[in-house]
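Welcome! Please look over the structure shown here, then try each exercise before reading its solution.

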Amino acid sequence: MDGGSTLTRRSLLGATAAGMLVSGCSSTPAAKPRPSGPPDPETVLLRSLIADKEKTVALYRRAALSLTDLATALQPFEQRHLAHLAAMRRMLPEGAESSAPAPSTPSTAGPSASTTATATPSASHSSDVSLADLRGAERRAAAARPGQMAGASPVLSQLLASVGACEAVHVIALGRLR
């Protein structure tokens with residue numbers, strides 16, 4: 001951040017604090033808090049994406065335990081997913097917790113990697129994860145990205161396009177591991 005944006009935030013925070021002090025000293029009763037409206041759709045999408053990425057990272061960690069001979073080869077894949085996760089968390093608005101549960105209602109954003117990553121029998125009923133499980137999860141996640149971009153801001157759409165491209169390349173690269 002440059003010095004100008006930091007100064008502006010400090011000024012805004014100072015003005016807000018001063019306003020709160022002045023309003024606390026007035027004789028007018030405090031206004032009742034407004035009922036919160038529906039959550040911001042982009043924040044809901046980001047929370048869902050973060051939850052999906054967390055499940056994908058967990059899937060890779062389980063795969064490393066199942067495929068011990070490939071554990072070292074799988075680390076770069078996991079690291080890229082961790083980088084995606086960090087980028088998504090940085091996009092959450094201040095005060096929005098990334099660990100908040102995803103909404104229970106189906107979203108119009110398309111199928112998510114987590115819902116489909118655990119749909120394979122070997123991935124959901126035991127700790128064994130195969131390369132086919134990883135490839136399937138990557139394929140489904142990459143296929144979901146265009147639908148997720150449809151209602152996203154340009155910045156989030158760019159991130160999703162990059163993440164989807166990486167997931168598509170993972171499908172190919174995982175196919176080369178033996």
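**Exercise 1.** Find which residues of H6 and H7 meet, and work out how the two helices are oriented.

*Solution.* Step one: in H6, the residues that meet H7 are Leu131, Leu134, Arg135, Glu138, Arg139, Ala141, Ala142, Arg145, Gln148 and Met149. Their partners in H7 are Ser157, Leu160, Ala161, Val163, Gly164, Glu167, Ala168, His170, Val171, Leu174 and Gly175. Contact means heavy atoms within 4.5 Å, and helices are DSSP runs (H or I, at least four residues) numbered from the N terminus.

Step two: sorted by class, this contact has 11 nonpolar, 5 polar and 5 charged residues. Here Ala, Val, Leu, Ile, Met, Phe, Trp, Tyr, Cys and Pro count as nonpolar, Asp, Glu, Lys and Arg as charged, and the others, Gly among them, as polar.

Step three: the axes of H6 and H7, lines fitted to C-alpha atoms over the stretch in contact, come within 8 Å and cross at roughly 155°. H6 is therefore roughly antiparallel to H7, a term for angles over 145 degrees on a scale from 0 to 180 between N-to-C directions.

A word on the model: it is predicted, local features need pLDDT of at least 70, side-chain atom pairs count only at pLDDT 80 or more, and totals for chains, interfaces and linings use all residues. Residues are numbered from 1 along each chain as its sequence is written, and side-chain values use heavy atoms, leaving out hydrogens and water.

**Exercise 2.** Decide whether serine 157 is buried or exposed.

*Solution.* First, locate serine 157: its place is in helix H7. Next, take its relative accessibility, 16%, which is why serine 157 counts as buried (buried means under 20% relative accessible area, exposed over 50%, with a 1.4 Å probe and protein chains only). Finally, leaving aside residues up to four places away in sequence, serine 157 touches Met149 and Ala152.

**Exercise 3.** Identify the helices against which the buried residues of H7 pack.

*Solution.* Start with the buried residues of H7, among them Leu156, Leu159, Cys166 and Glu167. The buried residues of H7 pack against H2, H3 and helix H6.

**Exercise 4.** Describe how H2 and H3 pack.

*Solution.* Begin with the geometry: H2 (residues 41-66) and H3 (residues 71-91) pack at about 165°, with axes 9 Å apart. H2 and H3 are therefore roughly antiparallel to each other. Then count by class: the residues of the contact of H2 with H3 divide into 14 nonpolar, 3 polar and 5 charged.

How values were computed
Parallel < 35°, antiparallel > 145°, perpendicular 65-115°, else oblique.
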